Amino acid sequence: MDIFQSVLLTIATASTPLLLAAIGELVVERSGVLNLGVEGMMVIGAVCAFAAAYLSGNPWIGVIAGIVAGAVLSLLFGVLALSLATNQVATGLSLTLLGIGLSGMIGENFVGRAGARLPNLDIPVLTDLPLVGRLVFGQDPLFYVSIALTAAVMWFLFRTRTGLTLRAIGDNHKSAHALGINVLKYRYLAVMFGGACAGLAGAHLSLVYTPQWVENMTAGRGWIALALVVFASWRPWRVIGGAYLFGAVTIGQLHAQALGFGIPSQLLSSLPYLATIVVLVLISRDRRLTVMNTPASLAQPFVPDR
Amino acid sequence: MQSGSEGTPLLKTVGLTKVFGEVKACNGIDLSIAPGEIHALLGENGAGKSTLVKMMFGVLDPSEGEILWKGQPVRIGSPGEARRLGIGMVFQHFSLFEALTAAENIALVLEEKTPISKIAETARKLSVDYGLPLDPNSMVGDLSVGERQRIEIIRCLLQKPDLIILDEPTSVLTPQEANKMFETLERLKAEGKSILYISHRLDEVKRLCDTATVLRHGKVVGHCVPREETASSLANMMVGSDVETVKREGAVPEFGKPLIEIRNLERPPATPFSIPLRGIDLTVRAGEIVGIAGVAGNGQGEFFEAVSGEATQKRADIVSLNGQDCGDKGISGRRILGVGFVPEERLGHGAVPSLPLSENMLLSRHRTDAKSMLGPFGFVRNAAVRSASKRVIGEMDVRKTAEDPEAAALSGGNLQKYLIGRELDRQPAVMIVDQPTWGVDAGAAARIRKALIALARSGSAVLVISQDLDELFEISDSIAVMHDGRLSEPVPIAEATYEKIGLLMGGAEPGHMAFEGVKEEAGA
């Protein structure tokens with residue numbers, strides 16, 4: 001039973017950064033912007049969070065630094081892709097390259113240092129409950145943040161007028177402009193929210209998952225987060241399912257390797273990516289659902305005609 | 001200036017000007033709209049009507065001049081500000097969101113924090129009240145164009161505007177739907193609201209509007225009372241010279257053997273928003289022009305794709321062109337049989353906007369004219385392509401600014417002449433055109449219609465899909481109507497009347513009871 005519980009705990013820890021980054025990108029894409037720079041913003045978030053926590057000794061300051069760093073980098077994307085209407089795909093890709101390079105430079109002096117880990121929640125009695133105690137009441141704080149954030153995004157998108165406006169912009173930015181909605185303002189805010197979430201996801205990696213700084217430590221998680229948004233067909237509750245499925249596959253392949261299955265480890269490590277492709281093929285079968293949920297103006301630059 | 005006194009216009013523009021680059025889209029427009037009147041804004045495509053109302057609605061900033069609202073000069077910086085002043089607008093190309101419900105679409109422009117369910121209820125009540133029934137919970141993407149327009153109008157009314165701007169509202173409606181809308185407008189007028197009605201349909205304007213302002217090339221050429229004018233005097237004001245109407249000369253020609261044969265064409269909807277085709281049969285003979293009328297979005301686009309080979313059929317014998325079964329062939333395969341196609345969308349479908357005309361020529365003819373345009377190993381013979389391009393430009397009188405300009409640099413009318421000429425240049429035995437003169441000025445339109453008639457007289461079969469009924473009556477030998485993915489029997493032109501075609505456009509069956517009276521077109 002203990003093994004079972006610890007497997008579940010590691011799955012939650014592996015899934016949390018995916019969920020955080022994906023829920024941010026979901027909001028960005030719902031507004032009609034495709035920011036492929038998630039990996040870059042995540043890795044910058046990771047290094048800044050680690051550095052700030054290491055220097056201050058307080059992991060919470062690290063969390064804030066990660067959020068701010070991700071948001072600042074996304075602001076750069078916003079200036080280029082929104083104000084200057086550059087190609088969003090190219091801009092996003094270069095943002096990732098910039099993030100990886102910049103994080104290597106910032107983190108040079110922090111490689112191999114022991115960092116400050118964000119402590120897990122520990123509520124007397126509750127956390128010690130058998131079976132579910134550790135799972136429900138004893139995880140790291142960002143786990144709770146990720147779940148709460150997903151619920152909040154769900155409520156925001158489908159229950160508030162502002163969320164409705166955001167979805168409308170993603171569906172047709174020209175019509176939104178004609179109705180007098182400030183398209184660029186909404187998109188800037190969405191992009192920065194996405195950046196902050198990616199930065200927070202990075203902070204989780206360097207403060208909880210493996211509390212140290214290793215160059216390029218995001219290891220493609222930003223890309224999985226991007227795929228998750230499509231996987232979830234832009235619906236928040238499905239992002240949770242997707243993130244946990246991928247977390248489970250990642251952890252599962254580690255355990256499979258440990259148990260000595262005669263399968264090459266490279267094949268097992270590629271499972272999450274294969275799963276992405278399979279799922280993308282499966283969901284594209286229902287065209288009606290896809291068209292209804294896909295933001296129709298995704299990745300199209302918007303220049304208001306004045 | 002006192003505000004609110006008798007005789008103060010609701011809205012007045014003084015010297016309103018908008019410059020795009022070198023072009024003055026609007027040049028010193030003076031216009032005034034009195035409270036409680038229906039004011040027509042007349043003009044050809046490209047006369048500056050849309051630019052003018054976009055300035056009134058805050059979508060565009062004027063370059064010069066000012067707008068007076070109830071006597072006070074105002075700067076309308078955004079549609080939101082226009083709405084707060086009391087100006088509402090129903091757009092020509094709808095500003096609706098397809099992935100949202102009707103109620104959500106309406107909620108977007110209402111600032112107060114009323115819950116969607118309440119908005120849905122108000123909208124439903126108001127829509128029934130004005131005879132424009134709609135279901136607030138339906139997804140806009142699933143609705144017909146007429147229903148979408150209802151949403152636009154209801155959305156506009158819920159903002160309680162003093163002035164309602166309607167940009168070519170009837171261009172997507174059947175004559176019967178249009179009649180219904182006129183009743184709504186009369187009622188709004190009786191409630192004291194002003195309406196700015198943009199149209200180039202003179203009959204409507206004469207019937208509905210109290211005053212009119214006529215625009216030509218961005219300038220006001222006259223103010224008049226439409227009821228005191230004749231349709232032709234209004235047309236002359238719009239065009240600036242006597243309108244040339246195309247006439248089919250000589251006796252009714254003899255038609256030859258069938259060159260287009262479509263047998264029970266079926267097509268499931270390709271996207272959630274498209275119309276399925278249901279059992280379409282059609283024959284067009286040599287020398288004949290058949291027109292296909294219909295309200296936009298009733299399957300015309302899907303039909304064109306199926307006939308042109310953009311969407312292929314399962315069996316070859318469903319579509320037969322120039323005497324050969326070709327239902328399983330793609331576009332090039334059908335073109336090689338001697339068929340020419342011109343799609344509805346000029347830029348992006350008919351032509352690549354960023355490529356020069358000559359390369360656009362090659363794109364549609366690299367298979368049919370492979371012998372002359374391609375050399376060994378498939379290398380392009382640029383000289384041959386350019387000379388063909390030049391020939392078309394000369395033949396169709398395409399006005400251009402450069403030797404071989406990009407397609408996007410041409411005006412709509414000139415590009416359309418080029419695209420039609422590109423196909424005619426091959427002397428196709430079969431020609432299929434979707435919306436040949438949509439958004440094209442009168443001169444170019446006349447030229448295109450003449451060319452199509454000449455092609456038919458030389459013994460080709462011509463199929464024209466158009467929303468412009470006048471055009472179809474002008475050039476067709478018979479007119480079939482598309483409604484909800486079905487095609488009616490072609491009506492010979494001698495028996496066709498506007499009323500008859502209009503009823504078919506609304507979905508009535510000839511010989512049916514409903515066909516005799518006006519069919520009630522109810523939505524939800």
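User: What makes residues of chain B count as being in contact with chain A?

Analyst: This is a predicted model, and a contact here means that the C-beta atoms of two residues, placed from the backbone, lie within 7 Å. By that test, 21 residues of chain B are in contact with 18 residues of chain A. Two elements give two or more residues each to the side of chain B that touches chain A: helix 2 (79-85) and helix 3 (102-107) of chain B. Helix 2 of chain B gives the most, with three residues.

User: How do you know which classes of residue make up the side of chain B that touches chain A?

Analyst: Each residue is sorted by type; Asp, Glu, Lys and Arg, for example, count as charged. The sorting gives twelve nonpolar, four polar and five charged residues on the side of chain B that touches chain A.

User: Why is helix 3 of chain A called roughly antiparallel to helix 4 of chain A?

Analyst: The axes of helix 3 (residues 59-83) and helix 4 (residues 88-106) of chain A cross at roughly 150° and come within 10 Å. Angles over 145 degrees count as roughly antiparallel, so helix 3 of chain A is roughly antiparallel to helix 4 of chain A. The crossing of these two helices of chain A is right-handed.

User: Which residues meet where helix 3 of chain A packs on helix 4 of chain A?

Analyst: From helix 3 of chain A come A:L73, A:F77, A:L80 and A:A81, and they meet A:Q88, A:T91, A:G92, A:L95 and A:G99 in helix 4 of chain A. This contact between helix 3 and helix 4 of chain A has five nonpolar, four polar and no charged residues.

User: What makes helix 1 of chain A oblique to helix 10 of chain A?

Analyst: Helix 1 (residues 2-30) and helix 10 (residues 221-231) of chain A pack at an angle of about 50°, and their axes are 8 Å apart. Roughly parallel needs an angle under 35 degrees, and roughly perpendicular needs 65 to 115. The angle therefore makes helix 1 of chain A oblique to helix 10 of chain A. Helix 1 of chain A passes helix 10 of chain A in a right-handed crossing.

User: Which residues of helix 1 and helix 10 of chain A meet?

Analyst: Among those in helix 1 of chain A are A:P17, A:L18 and A:E25, while helix 10 of chain A contributes residues including A:R221, A:I224 and A:V229. By class, the contact of helix 1 with helix 10 of chain A has ten nonpolar, one polar and three charged residues.

User: Why are helix 11 and helix 13 of chain B called roughly perpendicular?

Analyst: Helix 11 (residues 357-365) and helix 13 (residues 382-396) of chain B pack at an angle of about 100°, with 9 Å between their axes. The range for roughly perpendicular is 65 to 115 degrees, and therefore helix 11 and helix 13 of chain B are roughly perpendicular to each other. In this contact B:L357, B:S358, B:M361 and B:L362 of helix 11 meet B:V385, B:R386, B:A388 and B:S389 of helix 13. The residues divide into five nonpolar, two polar and one charged.

User: How do you know what a compact globule would give for chain A and for chain B?

Analyst: The rule is 2.2 Å times the number of residues to the power 0.38. For the 306 residues of chain A, a compact globule would have a radius of gyration near 19 Å, and chain A agrees because its value is 19 Å. For the 524 residues of chain B the rule gives a value near 24 Å, and chain B, at 24 Å, agrees as well.

User: How many helices and strands are there in chain A and in chain B?

Analyst: Chain A has 14 helices and zero strands, whereas chain B has 18 helices and 21 strands.

Terms used: Residues are numbered from 1 along each chain as its sequence is written. Chains are lettered from A and ligands numbered from 1 in the order in which they are written. This is a predicted model: local features need pLDDT of at least 70, side-chain atom pairs count only at pLDDT 80 or more; totals for chains, interfaces and linings use all residues. Axes are lines fitted to C-alpha atoms, for helices over the stretch in contact, and angles run from 0 to 180 degrees between N-to-C directions. Helices (H or I, at least four residues) and strands (E, at least two) are DSSP runs, numbered from the N terminus. A crossing is left-handed if the near helix is turned anticlockwise from the far one by less than a right angle, and right-handed if clockwise.
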